[in-house]
Amino acid sequence: MATVVNIMLIDDDPAEELIFRAQMKKVVNYDINMLYASSIDAAVGMFGNGAKVDIVLLDNRLGPGEDFRESVPRLRQSGYIGPIGVISSSLTDPYFQSFADYGADFRIDKAEFDPTAIGFLIQEYAPR
């Protein structure tokens with residue numbers, strides 16, 4: 001029986017939800033239950049309603065002018081203590097070098113997000 005892992009994707013683009021959900025279905029050795037929130041407020045609401053989340057995948061840019069430097073601290077202030085990974089189509093901006101200073105645990109380029117990477121992230125960050 002595969003281990004169940006609850007992964008929350010926070011992304012304001014519904015097309016990304018479909019792409020990430022399809023990638024997660026291809027992961028072997030884990031049964032991924034993907035939760036989706038289109039905003040930080042929606043995610044905080046889900047946490048408040050008792051959603052069990054092992055890993056959060058957070059889009060770098062949620063709305064105009066907001067990046068992970070604002071959104072990760074908001075998730076932490078809501079009480080979420082699990083791993084948070086920032087996903088972005090480009091990790092070249094210098095502020096990505098200090099992602100841990102804002103409470104994020106890892107960063108990953110969307111182009112690198114595939115079933116193998118998901119499996120690695122689960123092994124590395126999901127509670128056992």
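Is tyrosine 102 buried, exposed or partly exposed? I looked it up: tyrosine 102 is partly exposed, at a relative accessible area of 29%. My cut-offs: buried is under 20% relative accessible area, exposed is over 50%, and partly exposed lies in between, with a 1.4 Å probe and protein chains only.

**Ground rules.** I am working on a predicted model, where local features need pLDDT of at least 70, side-chain atom pairs count only at pLDDT 80 or more, and totals for chains, interfaces and linings use all residues. Residues are numbered from 1 along each chain as its sequence is written, and side-chain values use heavy atoms, with hydrogens and water left out. For elements I take DSSP runs, numbered from the N terminus: helices are H or I of at least four residues, strands are E of at least two.

**Aromatic pairs.** I searched the whole structure and got 4 aromatic pairs. The rule: rings of Phe, Tyr and Trp (its six-membered ring) pair if their centres lie within 6.5 Å; planes under 30 degrees apart are stacked, over 60 edge-to-face, the rest tilted. One of the pairs is phenylalanine 20 with phenylalanine 113. It is tilted, with 4.4 Å centre to centre and 40 degrees between the planes. Phenylalanine 20 sits in helix α1 and phenylalanine 113 in the loop between β5 (106–109) and α4, so this pair ties together parts 93 residues apart in sequence. I find both phenylalanine 20 and phenylalanine 113 buried.

Next I took phenylalanine 68 and tyrosine 102, an edge-to-face pair at 5.8 Å centre to centre and 90 degrees between the planes. Phenylalanine 68 is in helix α3 (residues 68–77), and tyrosine 102 is in the loop between β4 (84–88) and β5, 34 residues apart. Phenylalanine 68 counts as buried because its relative accessibility is 0%.

**Cavity.** I counted 1 cavity of 30 Å³ or more. A cavity here is a set of points on a 1 Å grid over the protein atoms alone where a 1.4 Å probe fits but cannot get out; lining residues have an atom within 4 Å of a point. Points are joined across faces, edges and corners, and volume is the space filled by probe spheres set on them. The largest cavity comes to about 30 Å³. Which residues line the largest cavity? They are Ile7, Met24, Ile55, Leu57, Phe113, Ile118 and Leu121. β3 (55–59) and α4 (115–125) each supply at least two residues of this lining.

**Backbone.** I noted a positive phi of about 75 degrees at asparagine 29, which is not a glycine. Asparagine 29 is in the loop between α1 (14–25) and β2 (30–37). Asparagine 29 is exposed, at 62% relative accessible area.

How values were computed. 1 Å grid on protein atoms, 1.4 Å probe; cavity = no way out; pocket = protein on both sides within 12 Å on 5 of 7 lines; lining within 4 Å.
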